[in-house]
Amino acid sequence: EPHSRLLRREIRPARPDEARDLRLRDGEAVVALIRIRIAGEEAIALEQVALHGRCAAAVMDAELETGSLHEALRAAGFVPARGRATIAAEVATEEEARLLGIPPGTPLLVERRIIVDPRGRPLESTESRYPADRYALDVDFEVEAAREQRVGRDEDRP
């Protein structure tokens, strides 16, 4: 049964990286969340989320420990449509290790993503830190040469 432990939920000024990711002006507000994502009884991720300030009413009272952040956003008319993520490897700091129940220095998969609405406006900037032995990310992709070959065949058809 997946669920979360909400560590922090606040409205605060955006940090410079959040302002860049969410296309905000200096001093504009974000809704900031920190959650531990849990599967069964095991912590599988430490998640830090910054949401555009216009989402505040949808998120500040939402049930985010057993409920879905994206469902709360959709219910308020903010539709997460697509995103882009970067995945890197890092090691757990003392604080991250304590929160995730792992030894400091444990390898982590770190996913940084930005999610936009159907009009391309940023809604969410998130960093998720996964213990590498507890999580895997499946990625579908198309090899460039195969795509070009298929396109070429399609163009040859009458």
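Me: Leaving aside neighbours within four places in sequence, what is Val-59 in contact with?
Reply: In this predicted model, Val-59 is in contact with Arg-9, Val-31, Leu-33, Leu-51, Leu-64, Leu-69 and Leu-73.

Me: Which residues have the most contacts inside the largest nonpolar core?
Reply: Those are Leu-33, Leu-51, Cys-55, Val-59, Leu-69 and Leu-73, in a core of 16 residues.

Me: What's in the second core?
Reply: That one is separate and has 12 residues, including Ile-34, Ala-43, Ala-97 and Ile-102.

Me: Back to β2 and β3. In which sense do they pair, and over how many bridges?
Reply: Strand β2 (residues 29–39) pairs with β3 in the antiparallel sense, over 10 bridges. For a specific pair, take Val-31, whose bridge partner in β3 is Leu-51. Both Val-31 and Leu-51 are also on the contact list of Val-59.

Me: How many residues of β3 are buried?
Reply: Nine of the 11 residues in β3 (residues 42–52), which leaves the strand mostly covered.

Me: What about pairing between β3 and β6?
Reply: That pairing is antiparallel too, with six bridges. Val-49 stands opposite Thr-126 of β6 there.

Me: Where do side chains point in a regular strand?
Reply: They alternate between the two faces of the sheet.

Me: Changing topic: which residues form the nonpolar patch on the surface?
Reply: Val-139, Phe-141 and Val-143, with about 350 Å² of accessible area together. Phe-141 is in the loop between β6 (122–131) and α5 (144–156).

Me: Does Phe-141 count as buried or exposed, and why?
Reply: Phe-141 counts as exposed because its relative accessibility is 69%, and the cut-off for exposed is over 50%.

Me: Now the whole chain. How many helices and strands?
Reply: Five helices and six strands. From the N terminus on, the order is β-α-β-β-α-α-β-α-β-β-α.

Me: What share of the residues is buried?
Reply: Buried residues are 39% of the 158 in the chain. As for contacts with a separation of 6 or more, 56% are between residues 24 or more positions apart.

Conventions
Residues are numbered from 1 along each chain as its sequence is written. This is a predicted model: local features need pLDDT of at least 70, side-chain atom pairs count only at pLDDT 80 or more; totals for chains, interfaces and linings use all residues. Side-chain values use heavy atoms; hydrogens and water are left out. Patches are made of residues with over 30% relative accessible area and no salt bridge: like charges are joined within 9 Å, nonpolar side chains (Val, Leu, Ile, Met, Phe, Trp, Tyr) within 5 Å. Accessible areas come from the Shrake-Rupley method with a 1.4 Å probe; for residues, only the protein chains shown count as cover. A salt bridge is a side-chain nitrogen of Lys or Arg within 4 Å of a carboxyl oxygen of Asp or Glu. Helices (H or I, at least four residues) and strands (E, at least two) are DSSP runs, numbered from the N terminus. Buried means under 20% relative accessible area, exposed over 50%, partly exposed in between (1.4 Å probe, protein chains only). Two strands pair if DSSP finds at least two bridges between them. Contact means heavy atoms within 4.5 Å. A nonpolar core is a set of buried Ala, Val, Leu, Ile, Met, Phe, Trp, Tyr and Cys residues joined through side-chain atoms within 4.5 Å.
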